[in-house]
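I opened a notebook for this structure and kept a record of each thing I looked up. The entries follow the order in which I went through them.

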Amino acid sequence: MITPSHKVRIFVASEPVDFRKGHDGLAALVQSQLRQKPFDGSVYVFRAKRADRLKLIYWDGSGLVMAYKRLEDNSFKWPAIRNGVIRLEPAQFEALFAGLDWRRVQPLEVAAPAAAE
């Protein structure tokens, strides 16, 4: 399971993409359509026309990593198809990746603790 730290930014492309695309094709989409930088360490998630598959790419500091997941008996819960990108919190991404309804996951807003006395 890919579990990004709380510092990693996660972006989901809301429009389906051609799943024949590999590392370079998806990185080009990050730049041209999402207007982001594919080598900034963020995770970029893409969906297929059928909602049962996803691909993600991210730069790990030494190379571009691509992961693919297909759900066997279900489909992922995707945002409405429209031109653009949305940002997910790590807990929402974990729910999406597990095939759960990520929209029901609300990240906790916790203030940083004051300095210890």
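Which residue in β5 is the bridge partner of A13? I looked this up and found V85. The strands are DSSP runs (E, at least two residues) and the helices are too (H or I, at least four), numbered from the N terminus.

**Entry 1: what I am looking at.** I note that this is a predicted model, in which local features need pLDDT of at least 70 and side-chain atom pairs count only at pLDDT 80 or more, while totals for chains, interfaces and linings use all residues. Residues are numbered from 1 along each chain as its sequence is written, and side-chain values use heavy atoms, with hydrogens and water left out.

**Entry 2: the whole chain.** I counted two helices and five strands in the protein chain, and along the sequence they come in the pattern β-α-β-β-β-β-α. The C-alpha atoms fill a box of roughly 55 × 35 × 25 Å along the principal axes. Of the 117 residues, 38% count as buried, where buried means under 20% relative accessible area, exposed over 50%, and partly exposed in between (1.4 Å probe, protein chains only). I also looked at contacts, meaning heavy atoms within 4.5 Å: among those between residues at least 6 apart in sequence, 58% join residues at least 24 apart.

**Entry 3: A13 and its strand.** I placed A13 in strand β1, which covers residues 10-13, and A13 counts as buried because its relative accessibility is 4%. Leaving aside neighbours within four places in sequence, I found A13 in contact with L34, V45, F46, R47, G84 and V85. The strand pairing behind the bridge to V85 is antiparallel, with four bridges joining β1 to β5; two strands count as paired if DSSP finds at least two bridges between them.

**Entry 4: the two faces of β5.** I recorded I86 and L88 on the covered face of β5, and V85 and R87 on the uncovered one. For background I wrote down that in a regular strand the side chains alternate between the two faces of the sheet.

**Entry 5: the hairpins around β3.** I followed β2 into β3 and found a hairpin with five residues between the two strands, which run antiparallel and are joined by four bridges. One of the pairs I checked was V45, whose bridge partner in β3 is L56. On its other pairing, β3 meets strand β4 (residues 64-70) in the antiparallel sense over seven bridges, and L54 stands opposite K69 in β4. These two strands also form a hairpin, with four residues between them, and G61 in that turn has a positive phi of about 105 degrees. I noted that β3 is mostly covered, as five of its seven residues are buried.

**Entry 6: the nonpolar cores.** Which residues of the largest nonpolar core touch the most other members? Of its 17 residues, they are V45, L56, L88 and L96, a core being a set of buried Ala, Val, Leu, Ile, Met, Phe, Trp, Tyr and Cys residues joined through side-chain atoms within 4.5 Å. I found that β1, β2 (43-47), β3 (53-59), β5 (85-88) and α2 (90-97) each supply at least two residues of this core, and that α2 gives the most, with four. A second, separate core has 14 residues, including F19, L29, V30 and I57.

**Entry 7: helix α2.** Is α2 largely enclosed or open? Six of its eight residues are buried, so α2 is largely enclosed by the rest of the structure. The buried ones are P90, Q92, F93, A95, L96 and F97, and they pack against β1, β2, β3, β4 and β5. For L96, leaving aside neighbours within four places in sequence, I listed contacts with V12, V45, F76, K77, W78, L88 and W102. Just after α2, I saw that G99 takes a positive phi of about 90 degrees.

Entry 8: R35 has a positive phi of about 60 degrees although it is not a glycine, and it is exposed, with a relative accessible area of 66%.
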